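We will go stop by stop.

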Amino acid sequence: MAAMSVIGIDLGNESCYVAVAKAGGIETIANDYSLRATPSFVAFSGKNRILGVAAKNQQVTNMKNTVYGLKRLLGRKFRDPHVQKEIPMLPFTVVEEKNGGIGIKVNYLNEEHKFSPEQCLAMLLTKLKEVATTALQTPINDCVISVPSYFTNNERKALLDSATIAEKCEKSSLFSWFSLATHHTLRFCVILVQTYLFNDQNSPRKMQSMGSFTGFSKAASEQIKAGLNVLRLFNETTATALSYGIYKQDLPAPEEKPRNVVFVDCGHSSLQVSACAFHKGKLRMITTASDANLGGRDFDLLIADHFVEQFKTKAFLRLLGEAEKLKKQMSANSTTLPLNIECFMNDKDVSGTMKRTDMEEIAGHLFERVEITLKRCLSQSGLTVDEIHSVEIVGGSSRIPSIKQLIEKVFKKVPSTTLNQDEAVSRGCALQCAMLSPAIRVREFSVTDVQAYPITVAWDASPGGESAGEIEAFPLNHAAPFSKMLTFYRQEPFSIRARYTGNIPYPDHEIGTWVIKDIRPNADGKAQKVKVKVRVNLHGVMTVSSASLYEAKEAVEPDAPDDDRSPPKEEPTGGEPAEAGEEAPMEANGGGATGGAGAPEEGSDKKKKQTLKSVELPIEALTTGFSQVEINHFTEQEFKMIASDKQEKERADARNALEEYVYELRNKVSSEDELAPFILENDRSALVSQLDDMENWLYEEGEECNKQVYVDRLAQLKAIGEPVQTRKIESDLRPVVVEDFAKSLQLCMKAMELIRTKDPKYAHLTDDDHRKVEEAFKHSYQWLEQSRSKISSAPKHLPPPVTVAQIRQERAAFEQNVNAVLNKPPPKAASPPKEEQPKGEGQANAQANAQADGQSEKTEDNMEWSPTQ
């Protein structure tokens, strides 16, 4: 089985990058258009889905069915103020679902369909996986996907749901797998029934069916395993820091002061600023600050709005694309730049001009927000400007000169461009994936992320008197991933709630509720100790990972004699061992009711030993996200769409193959330098007419035929065209092959001349050998001359009387017969008789030879071999 590959995906709002971790380093993968950036676009048509570059290319002509900007809609409700702000900027139709979610209405296969943003993102992830698989020619096993640092729990879970759908949907032929599964399952069931009816448990037929079914199951499981396994959702800021730090050889030692670096990532739709502390082999994120609604697209909108007033037009989408081009030009030029659009609206050309200073003036409020975010990061980090080593910038919009000036103003450092501004995040994700995956070995490099928003955990009061309470389990900038253990004393099930505190870019601060079940009082009716582990995992998702009930039990032991008494051993009461990175357990109820039995009675001649038994408790999670039933339904839909896309691609490829063959054959048949001499004039005219009719059919009633129709028509044309092409190929190759055969005959004739002159090289050959060579030469020479005569007199439009294959076969047979004689080695000369030696002298020589052989073997064993020059 081929080796698995690990990849990192930078999932951007406008475009995506995929990087792969290889033995030689990190490499960014080019897509099927030889571009490193794959647009985050999904389009729908009457025939199939269109993904990536092709989807963006047809956006202007298919606006209503081209979906993009999916990251801004993930995990949100339709009534979300953020979503309501996004909808006016989206050309496709966004509707509200029954559950309050977002539905994207498109026309697909000439029918109206509604998809969720998570489904559309799964389609994009499937495309990215296909790009990586095609480029690497190996299955993709593990991946790490980037997320903005400001993403909340709900948004992260929505992205994981999309990855789960993409993981289950393989591009291989779904229906062939399904039909194969059905065939094997039915066959297995029928044979089992027959076998058990006749009580033939070990029949060969049953064993054969079992082996066949098992083989299919193994193949199917291998197919499922080769999916998209997301090892981590990696913050974009941390991915950038990792791609910067892992290659630095001059980082300070762990006992020295860290190197503090600030990273500014201004992308298409958001601004993220982070501070990171580096040691040798280690990075620790200090803090992150972000503006989730400030990016390059906001500058594009301002420029487009400026020209909308000037042009008085409604063709906003095309104008927006031209505004983006103008913005990039202004980043490199401070002079007045033109904006010219041909046939913009109503076949009218429009033009305008703008300078960089004009853009900076109308975007002044955006630059103020940039400065606020930069200062907030500096304040939250607790660092002074002098403690910052450097400022690295990434992201396409960080190229705007005014943003660079603001960075220099706030941090007193000239921004550095050490990193690849477009690919730094994907490279960092690929590095993280290589660290987490067992498939690739990399050097040790510790990564500690931070919690972007504080999380508070609250719990209900109990009827036994324990009061309700809450605790800030994960403060701002707390290390992540991280677990904390909360200790409760309860005698009935209870619930735990988690929510964000502070200002977050999400309307709902609630994360979820977890119900801890199957809690019961002890034998005395008192509360028992319950330990609940809350965790922010690798994905940045907060969850209640486990809950354990500690039951106290007593065992009565007789008192041992005083002489035999040994010191009592302490029983462990901490339950499961603490994970790495966990803090000490906290008493959540402030020393509430304690579990366990009382002290033993005085005067008792027996002592009681108390032990603790840990029991895992079931947890019911009441959080947002899709249920397993919904994910299975979406997966089934994706399967069907993949199969439909594959069928349409095969149909289009068959049609294109037929069209290509029509054009190619017609051009060659009409050319005197190609196939025209090899076909009669009447036949050529009939063939050209047939090709013209085929072309007209392709663009009329043959536009939407099935794949098999195109395959059959192509076979009909090839039955006529391939014999003509074969005659042309024969005519081109025949002179070369005949000349090679003639050279072989000439070499044989020279060898025969040397034999006649008694040359020492052939002196050992007998007269029979000489006669065999002459007969083979004579036969092949006559055959070649006859073939030349037939070929010269045969017309070109008929099949050749002697083919190239026959000439090569005759030459091979001739050379085999002749070489068997000419290359015969001369007989070996007789060896002289051995001289007898005296017995004593012979033994001495044998011992000397044995010693010499031993020394020689020892020398050979120690010899270092090197390639010859």
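Where is Gln-137 found? Select Gln-137: the residue is in the loop between α3 and β11 (140-147). Helices (H or I, at least four residues) and strands (E, at least two) are DSSP runs, numbered from the N terminus.

Before moving on, note the ground rules. This is a predicted model, in which local features need pLDDT of at least 70 and side-chain atom pairs count only at pLDDT 80 or more, while totals for chains, interfaces and linings use all residues. Residues are numbered from 1 along each chain as its sequence is written, and side-chain values use heavy atoms, with hydrogens and water left out.

**Stop 1**

Buried means under 20% relative accessible area, exposed means over 50%, and partly exposed is in between (1.4 Å probe, protein chains only). Met-4 and Gln-137 are 133 residues apart along the chain, yet their C-alpha atoms are separated by 9.8 Å.

Next, select α3 itself. The helix has 20 residues and reaches 29 Å from its first C-alpha to its last. That is close to the 28 Å expected at 1.5 Å a residue, where the expected span is 1.5 Å times one less than the number of residues. The helix is mostly covered, with 16 of its 20 residues buried.

Pick out Glu-118, found in α3 (residues 117-136). Glu-118 is buried yet has no salt bridge. A salt bridge is a side-chain nitrogen of Lys or Arg within 4 Å of a carboxyl oxygen of Asp or Glu. The nearest side chain of opposite charge, Lys-77, is 8.8 Å away. For charge, Lys and Arg count as positive and Asp and Glu as negative; His and the chain ends are not counted. Which residues touch Glu-118, leaving aside its neighbours within four places in sequence? Glu-118 is in contact with Leu-74, Gly-75, Ala-158, Ser-162 and Phe-626. Contact means heavy atoms within 4.5 Å.

**Stop 2: charged pairs**

Side chains of opposite charge can pair when their charged atoms come close. The count here comes to 45 salt bridges. Visit three of them.

Select Glu-155 and Arg-76. Their side chains meet in a salt bridge at 3.2 Å, N to O. This pair links distant parts of the chain, 79 residues apart. Glu-155 is in helix α4 (residues 153-168), and Arg-76 is in the loop between β7 (66-67) and α2 (81-86). Glu-155 counts as buried because its relative accessibility is 2%. Arg-76 also counts as buried, at 9%.

Move to Lys-327 and Asp-300. Their closest N and O atoms are 3.1 Å apart in a salt bridge. Lys-327 sits in helix α9 (residues 316-332) and Asp-300 in helix α8 (residues 296-311), 27 residues apart. Both residues are buried.

Now select Glu-681 and Arg-684. Their salt bridge is 2.3 Å, N to O. Both lie in helix α15 (residues 681-698), 3 residues apart, about one turn of the helix. Glu-681 counts as partly exposed at 45% relative accessibility, whereas Arg-684 is buried at 13%. Then highlight Lys-47, Glu-648, Arg-651 and Glu-704: salt bridges that share partners join them into one network.

**Stop 3: helix α16**

Select residues 707-756. This is helix α16, with 50 residues. The helix reaches 68 Å from its first C-alpha to its last, close to the 74 Å expected. Where does α16 bend? Look at Leu-733, where the bend is about 35°. The bend is the angle between axes fitted to the seven residues ending there and the seven starting there. A proline, Pro-735, follows within four residues. Just after α16, Lys-758 takes a positive phi of about 60°.

**Stop 4: loops**

Select Ala-480 and Pro-481. A cis peptide bond joins them, with omega about 0°. Pro-481 lies in the loop between β22 (479-480) and β23 (482-490).

Go to Asn-110, in the loop between β9 (102-108) and β10 (111-115). Asn-110 has a positive phi of about 60° although it is not a glycine.

**Last view: the whole chain**

Zoom out. The protein chain has 19 helices and 30 strands. Of its 869 residues, 45% count as buried.
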